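Here is a short tour of the structure shown below.

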There are 2 protein chains.
Amino acid sequence: MGKLRADISMSLDGFIAGPNDSPDNGLGDGGERLHQWVYGLKAWREPHGMTGGKEGPDSDVMAESIEGVGATIMGRRMFDFAEEPWGINPPFHNDVFVVTHRPREPLLKEGGTTFHFVSSIEEALKQAEGAAGNQHISVAGGASIIQQLLTLGLLDELQVHIAPVLLGGGRPLFNGMGKTIELKPARVVASDTVTHIKYQPAKK
Amino acid sequence: MGKLRADISMSLDGFIAGPNDSPDNGLGDGGERLHQWVYGLKAWREPHGMTGGKEGPDSDVMAESIEGVGATIMGRRMFDFAEEPWGINPPFHNDVFVVTHRPREPLLKEGGTTFHFVSSIEEALKQAEGAAGNQHISVAGGASIIQQLLTLGLLDELQVHIAPVLLGGGRPLFNGMGKTIELKPARVVASDTVTHIKYQPAKK
């Protein structure tokens, strides 16, 4: 069986979106800064249907996070704001399970991405395991889904891409979990533009 | 002239003390966990008057943060809770400037540490510069002092020692600064127990 892995970009002060995020302003004010490290990379451009781009440690980390992924899980907020920018051929190229209280029919896109809408994290996991087979399940975010999986002790890997910026406000990744969770640093990759820390969270 | 450098241990979720911190519980509930990486190190034991301890990258980072420091700045809260544990021979061995609204006479300790009590961060900086000469000024914390120096654009280096734990609550390092501050990663050192990221904050 593959691993359950979360990958997310965060500012040093703990935000995954800037202030005033909304469906029309998904990353919040200034939140694009968190993803600045990624846009020029070869490994990011490829699944987005573009050629070229920068190679090196950041691109290798990005490529690794995509490789061998057989299914994706995400929160409803992330889907809502990103569906349009992702366009007709979203960058997942596998089954994506969106946790939402508003069930709807599956949404087929080009390039192998199908969005399925499920009512709980448990249901998302169950269906993602079936879709992924021996491959990994990628948790794309947002904060709520990652917090739930950490609290349940189910994540195999949490990779945080720490962007070198203090946003000063916004949507926190780890707000108010109210319990202590041990992490084990598994691998650190550093560049001039971002620090990637891969943790193995304590499991249940 | 030396550099103005801050060094501080933080959980991945951004806390420098656990919940319920007070003068009697300076690190808050569970906050000792943040400093677990440091206690066994040779470079930590030495200024505390102890011999032996573990060598390696964490000890080297610790040694570097102490080397060439000619003066120290800290907040009043930190002084209040740590004065007793530090004992008669505190680990600074230089002039320490405590920012407080309650002025008092300097406090001489053994081993070259003298605590001076000053009424503002600007006054602390001015006096620390005089005391340090060509050596570095170390900012020992806490959060408020570091936030003020970042906001003023005065810090040359901010080294965050990220402890691999989610505390789930406590005293945040960067709470509510309300402005975006760019940082430049200058050096990352990783071990099994902690990740040290040294940043050069944007200056004014």
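## Backbone details

H93(A) sits in the loop that links α4 and β4 (95–99) of chain A. This is a predicted model, and in it the phi angle of H93(A) is near 60 degrees, a positive value in a residue other than glycine.

Another backbone feature to look at is the cis peptide bond that joins G141(A) and G142(A), with omega about 0 degrees. G142(A) belongs to the loop between β7 (136–141) and α6 (143–152) of chain A. In chain B, the peptide bond from G141(B) to G142(B) is cis, with omega near 0 degrees, and G142(B) lies in the loop between β7 (136–141) and α6 (143–152) of that chain.

## A salt bridge within a helix

Side chains of opposite charge can pair when their charged atoms come close. Over all chains, the rule used here counts 20 salt bridges. One of them is formed by D80(A) and R76(A), whose closest N and O atoms are 2.9 Å apart. Because D80(A) and R76(A) are four residues apart in helix α4 (residues 76–86) of chain A, about one helical turn separates them.

## A sheet that takes in both chains

Strands of a sheet pair through backbone hydrogen bonds, either parallel or antiparallel. In this model, ten strands make an open sheet with mixed pairing, and their order is β5(A)-β6(A)-β4(A)-β3(A)-β7(A)-β1(A)-β8(A)-β12(A)-β11(A)-β9(B). Its edge strands are β5 (107–108) of chain A and β9 of chain B, each of which pairs on one side only.

V165(A) has E182(B) as its bridge partner in β11(B).

## Where the chains meet

How many residues of chain B are in contact with chain A? There are 30, and they touch 30 residues of chain A. The size of an interface is often given as the accessible area lost when the parts come together. Between chain B and chain A the buried area is about 2500 Å², with carbon and sulfur atoms giving 65% of it.

The rule finds two salt bridges across this interface. E182(B), the bridge partner of V165(A), also meets R33(A) through its side chain in a salt bridge (2.6 Å, N to O). Ten residue pairs are in polar contact across the interface of chain B and chain A, both residues being at pLDDT 80 or more. On the side of chain B that touches chain A, the elements giving two or more residues are β8 (157–163), β9 (165–166), β11 (181–190) and β12 (195–201) of chain B. β11(B) gives the most, with six residues. By class, that side of chain B has 19 nonpolar, six polar and five charged residues.

## How the copies are related

How values were computed:
Residues numbered from 1 in each chain as written. Chains lettered and ligands numbered in written order. Predicted model: local features only at pLDDT ≥ 70, side-chain atom pairs only at ≥ 80, totals over all residues. Heavy atoms only, no water. Contact = heavy atoms within 4.5 Å. Buried area = accessible area lost by both parts, 1.4 Å probe. Salt bridge = Lys/Arg side-chain N within 4 Å of Asp/Glu carboxyl O. Polar contact = N/O pair within 3.5 Å; in protein donor to acceptor, adjacent residues only side chain to side chain. Nonpolar A, V, L, I, M, F, W, Y, C, P; charged D, E, K, R; others polar. Pairing = 2+ DSSP bridges.
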